[in-house]
Amino acid sequence: MKVGLRGLRGGFIAALMVIGLPVVTPVASSVVGDSFIVATARAQSAGSIVVEGNRRIEADTVRSYFKPGPSGRIDSYSVDSAYKALYETGLFQDIKISTAGGRIVVSVIENPVINRVAFEGNKKVKDEQLQSEIQSKARGTLSKPMVQSDTARIVEIYRRSGRFDVRVEPKIIEQPNNRVDLVFEVNEGGKTGIKNIDFVGNRAFSSYRLKDVIKTRETNLLSFLGSADIYDPDRIEADRDLIRRYYLKNGYADVRVVAAMTEYDPAKKGFLVTFTIEEGEQYRVASVDIQSSVPALDTNALRSFLRVGQGSVYNAESVEKTVEDMSIEAAKRGFAFVSVRPRGERNFESHTVALVFVVEEGSRVYIERINVRGNTRTRDYVIRREFDVAEGDAYNRALVDRAERRLKNLDFFKSVKIAPEPGSSPDRVVLNVDVEEKSTGDFGVSGGYSTADGFMAELTVQERNLLGRGLQGRASIQYGQRARGYNLSLVEPYLMGYRLALGLDLYQRQQLASSTVSYDTDTIGVGARLGISLREDLSLQARYSIYRQEITLPDYLNNCISPDVNLNSTLTNPTTGLPYGLGAHSPGAVVPGDSCYGDGETSLPARIALANGPAITSLVGYTLAYNVLDNNKNPTSGLYAELKQDFAGVGGDVQFIRTTADSRFYYPVVSDIVGMLRVQGGHVTGWGSGDLRMLDHFQLGPNLVRGFAVSGIGPRDVTPGSLTNDALGGTMYWGATAELQMPFWFLPKEIGLRGAVYADAGSLWNYKGPTSWSVTGETVTVDDSNVIRSSVGVGLIWDSPFGPLRFDYAVPMTKGPYDREQRFRFGGGASF
C-alpha cells in the first residue's frame, strides 16, 4: 500500500491509524518535490528498510537517516524526519517511501553528477572569477536549489560592477551515465551608472563641495575610463561616513547624515542618489582642559600634545589625534593602562564646546594574541609591524585604532577591520585583524605635452607590495622631443624593523637643446635616501646622491678657437676632436665679431664646461617637510612648507651649498573658491677651492613667474655678436604667487574643470660662474640686473581621467631687458 502526502493529508493520517502506528500530524514543510510518498509498517527497524534506485549512494547511508522514535521503533515522525533530511542532503532528485511485504521501501532517484560547469556570454567578468563564486562544481552533485543560488550570486556580481540589466539563465544538458553539463548563459546588459547625486539639508557646504568629499561620481562622457560612477551600495554607505566626518572636522558636532536614498530611474536608465543631511550649528572651542586621576602622571607634560585650542573651530579629527598622542605619551612614561577620554560639554546657545580630556587608569587588560586573517599574499610581519603594541603588551584602544588607520593607508587591502574578542581569561583580549587583499601593481603607458619638453611618452611599471614584503618598486622609461631617460627605484619602508624608509635610485636624463638653451646635458647617477616621520605632520629625509653630468654641442656652435693661445696645450675639443687652437677663427685672439660667430656660438661658460669634460657631483642633503593640507591632490585648506639643503663636495669635482625653501598656504575664501599664497626662495654658493659652474646655478622661468619661457629670466650672456644668448642662471632667487581657484558652476562637477586667476612676482640674479677663458682669450658680457619680474594671468585646470592638465595664459607686467616671454603654457599627461 502506498499513501501519498501530496494533496492527501487526511488519507495519510487515516492510513497511519489503519496500520496501528501513533499518529503525528505532518508539518507543512513535509510536502517537497513532485512525488513525495510516505508509508510505514508495523514495528519496523532500520535494518529492515529496503533501498531501491541508488547507484552511488550506499543503502546503509540512506537507512542511517531513519531514527527510532520514543517507543524505540520507527514511527510516522521518524519517517517524516528521514524524508526531509534525505532531501536536504541535495543528493536526490526524488524520494518515495512505501511499504511492501511488511517492510519499508525507500525508492530514490539520485541527482546527476555535474560533468562540467561553463559560462557563455560573459565578457566583463572572467570565467575564473565566476567559478570561484558559485557553489556548483564539476564532479559534484547537481542540486536545483544550489543552481538557483548560484544564478542569484552571478547576478549579484554583475550588479556590484554596475550592470543591473544582467540576465542569467542556467541550462542543464544531459549526458550519458547520469551526468550533466551545467551552463550559465549570461546576458550582461549595459552598464548602470549614477545619473544624479543630490544633497538635501546642506547649508554650510555646497553640493559642489560635498561631491569632492565622497567617492561616488556621476556618469559623464569620460566615465568609461573609470568606475566611480557605477552604483555600489557599499561605496554609498562609506560616502555617508565621509560626509559625516567632513562636517565633524569643520565644527558641526551635531551633524547627522540621515539617509542615502537610491532610486532607479527607468527613463534615465540609471540611479538617483540623494543624501539627506541635518547639519546643526557650527561649534567653536570654549575651553580646553586636562583632568587626571593618575597622581603620578604630570598633566603639563601632556599639554604639548593638544591639537585644539580655545577659540578654534571644533575639529573631531584633531580631538581623536590628541587622544592618540596623549595615550602614546602616557605609555612611554610607564602608564600603559592609562585611558584618555575626551568629554565635551556643549553650550547650545553660544554654540561652543568645553573640551576636557579625562586621563584615568583603565582596566588592566593584556593582548593575548593577534590573529591576522585574509592575507593571502602579504606577509604577516608586514601587517604586524604597523602595530605599536605586540602580544603580551597592555591593550590600548587608541594604539589599535592607529594601527587600523596605518593598515588602510598602506593601500594594500580592499578592507581592514580590527575587532577585539575575549581571551582565555577576563584580563586577556584577542585582536582579530581581518584584511581583504587587492591588486597593488600598476602598469601604465602615459603620454603628454608641455611647452617646455614638447611631446613625451612614458612607460611605467610599479608595485607597492613587492613579493608581499611591503617593498615599493618602480621602473620607468621616458622618451620625448627634448627630454629622455629612465628611472629605477626601490623603497624599503621599514629598515631593520624600524620606521625608517630606505630608498635606492638609479636614473639617467638627457635634456636636449631648445630655443632657450643651445646645449645638451646628459646626467646619470645613483642615490640613496632615508626618511623618517617625526610626527604625523612633520617628516625628515636625508639623502646622498652621486651623478655624472656632461655637456655636448654641435660643431658649428663651438668653432671659435684662437691659434695664438695655448698652442702646446694637450686639451682637446671633445666636439671636433681637435686640439684647442686648431679651429675656425680670425687671425689672432678670438674676439666678439669674428667671422666664426656668424653661425652662432654657444655661451662661453657652456664651452668651458664642455672643455673640462664630464663632472662628478657627490652630495649629501636633507628635506624637512611640514604638511597639514586637507587633501594632497586638491587642497582647499592647510599649509605645506619644506626646507631643502644640499652639500656638494663629499668627493667628486664640484663643491657648493644649495638651500631652497617653499611654502604654500590654502584657504577657502568663499563657497567653493580657494585662495592660495605661495612664497619660495633659494641660494647657492661655492665653497673651498672649487668654482661654481654654470650648471650649478638656478635656471628658472615659468616655475617662478608664469608668462616667461623656460630659463627665460635671470642673468644672460649678452656678449656682442653672440646669437644664442644662453641663460646663465643665478645664485639667488625669490618668488611669490597669489592665486584664486574656482569651479565652473554651470558645468557638471564630474568633468573636473576649474578656473584660476593669479599674479606672480619674483627675481633671479647674482651669476657667479666663469666670465673669461684663457684658452680662447674670450670674455663674456653678462646682463645681471636684479629686476623684479611680475605677471598676471588666467588658468584652466582639468582633473581629467588622463591625468592632471593645466593651461595658463600670463602677461608679463615687468621684466628684464633680455628676458624671454612665453605667454601660453600647457602641461599634462595621461595614463591608460
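Two strands are taken to pair if DSSP finds at least two bridges between them. Helices (H or I, at least four residues) and strands (E, at least two) are DSSP runs, numbered from the N terminus. The structure is a predicted model, in which local features need pLDDT of at least 70 and side-chain atom pairs count only at pLDDT 80 or more, whereas totals for chains, interfaces and linings use all residues. Residues are numbered from 1 along each chain as its sequence is written, and side-chain values use heavy atoms, with hydrogens and water left out.

An open sheet of three strands shows the order β4-β6-β5 and mixed pairing. Seven bridges link β4 to strand β6 (residues 179–187) in the parallel sense, with V113 standing opposite R179 in β6. Helix α5 (residues 144–160) lies across β4, β5 and β6 and runs at about 25° to β6. Contact here and below means heavy atoms within 4.5 Å.

Strand β8 (residues 256–265) pairs with strand β9 (residues 270–278) in the antiparallel sense over nine bridges. D265 stands opposite G270 in β9. The two strands, β8 and β9, form a hairpin with four residues between them, and K269 in the turn has a positive phi of about 55°.

Another open sheet of three strands has the order β10-β12-β11, again with mixed pairing. Its edge strands are β10 (284–292) and β11 (338–347), each pairing on one side only. Neighbouring strands of this sheet are turned by 20° against each other on average, direction ignored. The pairing of β11 with strand β12 (residues 352–361) is antiparallel and extends over 10 bridges; F357 in β12 is the bridge partner of P342. Helix α9 packs on the sheet, where α9 touches β10, β11 and β12, and the direction of α9 makes about 150° with that of β11.

Helix α9 (residues 316–332) also approaches helix α11 (residues 397–409): their axes come within 9 Å and cross at roughly 120°. The two helices, α9 and α11, are therefore oblique to each other; angles under 35 degrees count as roughly parallel, over 145 as roughly antiparallel, 65 to 115 as roughly perpendicular and the rest as oblique. The crossing of α9 and α11 is left-handed, a term applied if the near helix is turned anticlockwise from the far one by less than a right angle, and right-handed if clockwise. At this contact, E324, D325, S327 and I328 in α9 meet A398, L399, R402 and R405 in α11. By class, the contact of α9 with α11 comprises three nonpolar, one polar and four charged residues, where Ala, Val, Leu, Ile, Met, Phe, Trp, Tyr, Cys and Pro count as nonpolar, Asp, Glu, Lys and Arg as charged, and the others, Gly among them, as polar.

D401 is also placed in helix α11. With a relative accessibility of 34%, D401 counts as partly exposed; buried means under 20% relative accessible area, exposed over 50%, and partly exposed in between (1.4 Å probe, protein chains only). D401 and I418 are 17 residues apart in sequence and 8.2 Å apart in space, C-alpha to C-alpha. Strand β14 (residues 413–422) pairs with strand β15 (residues 428–437) in the antiparallel sense over nine bridges. L431 in β15 is the bridge partner of P420, and a hairpin joins β14 to β15 through five residues.

Helix α12 (residues 604–612) is mostly covered, with eight of its nine residues buried. The buried residues of α12 are L604, P605, A606, R607, I608, A609, L610 and A611, and they pack against β22 (538–552), β28 (716–717), β31 (772–773) and β32 (778–779). Just after α12, G613 adopts a positive phi of about 80°.

V674 lies in strand β26 (residues 673–686) and, at 7% relative accessibility, counts as buried. Residues up to four places away in sequence not being counted, V674 touches R209, P635, T636, Y666, Y667, P668, V669, E739, L740 and Q741. V674 and S637 are 37 residues apart in sequence and 7.8 Å apart in space, C-alpha to C-alpha.

Note on methods
Axes fitted to C-alpha atoms, helices over the stretch in contact; angles between N-to-C directions.
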